[in-house]
Amino acid sequence: MARSAHNEVTDSGAFDPSPSTFRSFVSRDSSARFAAAPGRYHLYVSYSCPWDCRCLAYLKLKGLDHVIRFTWVKPVFERTNDHMGWVFPAAGDEEPGAEPDPINGAKSIREFYEIASTKYAGKPSVPVLWDKQLKTIVNNESSGIIRMLNTEFNEFAENPGLDLYPAHLQASIDEINELVYEGINIVYKCGFAKQQGPYDEAVTKLYEALDKCEDTLSRQRFLCSNQITEADVRLFTTLIRFDEV
Ligand SMILES: N[C@@H](CCC(=O)N[C@@H](CS)C(=O)NCC(=O)O)C(=O)O
């Protein structure tokens with residue numbers, strides 16, 4: 001398994017990311033293993049990562065940032081003794097925004113993966129939704145984390161009525177998500193391509209998808225209807241990170 005996105009490249013030079021491995025779900029059911037509760041979960045993110053920014057957007061939109069606290073890592077990978085990846089600063093004033101890990105005193109994100117699974121051999125990616133009670137990773141897949149934030153913490157949310165994945169729009173959201181994922185969210189396929197062929201293929205798909213979104217948004221305010229949905233958050237957070245990353 002790949003230890004970093006830099007290794008997730010096929011023989012033909014195309015970027016081919018491996019799927020996230022922690023896929024448990026926090027539930028509003030108080031008897032569930034991962035039951036929703038204020039203060040129990042902590043989110044680790046990188047501001048430079050568009051997947052993480054989805055989760056942060058949900059914390060704000062749903063009014064959950066007092067229920068799930070978050071810590072962000074330093075914005076650029078660093079080398080530790082045994083890997084290259086996301087690290088925490090040693091002190092609060094080392095890097096604007098980034099903070100030392102307040103929960104486990106970890107030096108890098110990789111340490112969370114090592115605590116959660118002795119067998120983990122994949123890349124230590126962010127976001128990480130950490131359970132302080134069971135001391136494990138609940139989920140490291142942003143598309144799953146935002147679904148939990150949408151429905152499972154409503155008892156504690158300031159905006160419980162906001163539903164970004166409403167039943168009547170789910171088919172349309174899923175369809176747009178697929179187009180946006182393949183064409184735009186996965187802009188990494190351009191960035192990490194190691195040969196001209198896969199780069200050309202990815203960049204063509206990217207601009208076709210951008211044109212489709214542009215066309216839709218020139219006719220209606222949001223991607224699926226006139227109300228904001230998960231599809232808009234997923235597109236927006238990739239776009240605002242597009243130039244920087
Ligand atoms: N499918 C994951 C992707 C997360 C991901 O790829 N995160 C990148 C940062 S943008 C990462 O942490 N990569 C670590 C590495 O390549 O070593 C999600 O949506 O949560």
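**View 1. Packing of helix H4 against helix H6.** Helices H4 and H6 cross with left-handed geometry. In this predicted model, H4 covers residues 170–185 and H6 covers residues 196–219, and the two pack at an angle of about 135° with their axes 8 Å apart. The arrangement of H4 to H6 is therefore oblique. On the H4 side, the contact is formed by Leu179, Val180, Glu182, Gly183 and Ile184, and on the H6 side by Lys205, Leu206, Ala209, Leu210, Lys212 and Cys213. Sorted by class, the residues of the contact between H4 and H6 comprise seven nonpolar, one polar and three charged.

**View 2. Packing of helix H1 against helix H7.** H1 (residues 50–62) and H7 (residues 230–242) pack with their axes 9 Å apart, at an angle of about 125°. This angle makes H1 oblique to H7. The crossing of these two helices is right-handed. H1 contributes Pro50, Cys53, Arg54, Ala57, Tyr58 and Leu61, which meet Glu230, Val233, Arg234, Thr237, Thr238 and Arg241 of H7. Six nonpolar, two polar and four charged residues make up the contact of H1 with H7.

**View 3. Packing of helix H1 against helix H3.** The axes of H1 and H3 (residues 142–151) come within 9 Å of each other and cross at roughly 5°. H1 is thus roughly parallel to H3. From H1, the contact involves Trp51, Arg54, Cys55, Tyr58, Leu59 and Lys62; from H3, it involves Ser142, Ser143, Ile145, Ile146, Leu149 and Asn150. The residues of the contact between H1 and H3 are seven nonpolar, three polar and two charged. Arg54 and Tyr58 of H1 take part in the contact with H3, and Arg54 and Tyr58 are also among the H1 residues that meet H7.

View 4. Tyr188 belongs to H5, which spans residues 188–191. Its relative accessibility is 18%, so Tyr188 counts as buried, the cut-off being under 20%. Apart from neighbours within four places in sequence, Tyr188 is in contact with Phe15, Cys49, Pro50, Trp51 and Ala193. Val203 lies 15 residues from Tyr188 along the chain, and the C-alpha atoms of the two are separated by 10.0 Å.

View 5. His83 is located in the loop that links strand S3 (78–79) to strand S4 (84–85). With a relative accessible area of 10%, His83 is buried. When residues up to four places away in sequence are not counted, His83 touches Glu78, Ser108, Arg110 and Pro124.

**View 6. The protein as a whole, for orientation.** The protein has seven helices and six strands, which follow the pattern β-α-β-β-β-α-β-β-α-α-α-α-α along the sequence. The C-alpha trace spans about 45 × 45 × 35 Å along its principal axes. The radius of gyration is 18 Å, in agreement with the value near 18 Å for a compact globule of 245 residues. Buried residues account for 48% of the 245 residues. Of the contacts between residues at least 6 apart in sequence, 64% join residues at least 24 apart.

Methods. Residues are numbered from 1 along each chain as its sequence is written. This is a predicted model: local features need pLDDT of at least 70, side-chain atom pairs count only at pLDDT 80 or more; totals for chains, interfaces and linings use all residues. Side-chain values use heavy atoms; hydrogens and water are left out. Axes are lines fitted to C-alpha atoms, for helices over the stretch in contact, and angles run from 0 to 180 degrees between N-to-C directions. Helices (H or I, at least four residues) and strands (E, at least two) are DSSP runs, numbered from the N terminus. Angles under 35 degrees count as roughly parallel, over 145 as roughly antiparallel, 65 to 115 as roughly perpendicular and the rest as oblique. A crossing is left-handed if the near helix is turned anticlockwise from the far one by less than a right angle, and right-handed if clockwise. Contact means heavy atoms within 4.5 Å. Ala, Val, Leu, Ile, Met, Phe, Trp, Tyr, Cys and Pro count as nonpolar, Asp, Glu, Lys and Arg as charged, and the others, Gly among them, as polar. The radius of gyration is taken over C-alpha atoms; the globule rule is 2.2 Å times the number of residues to the power 0.38. Buried means under 20% relative accessible area, exposed over 50%, partly exposed in between (1.4 Å probe, protein chains only).
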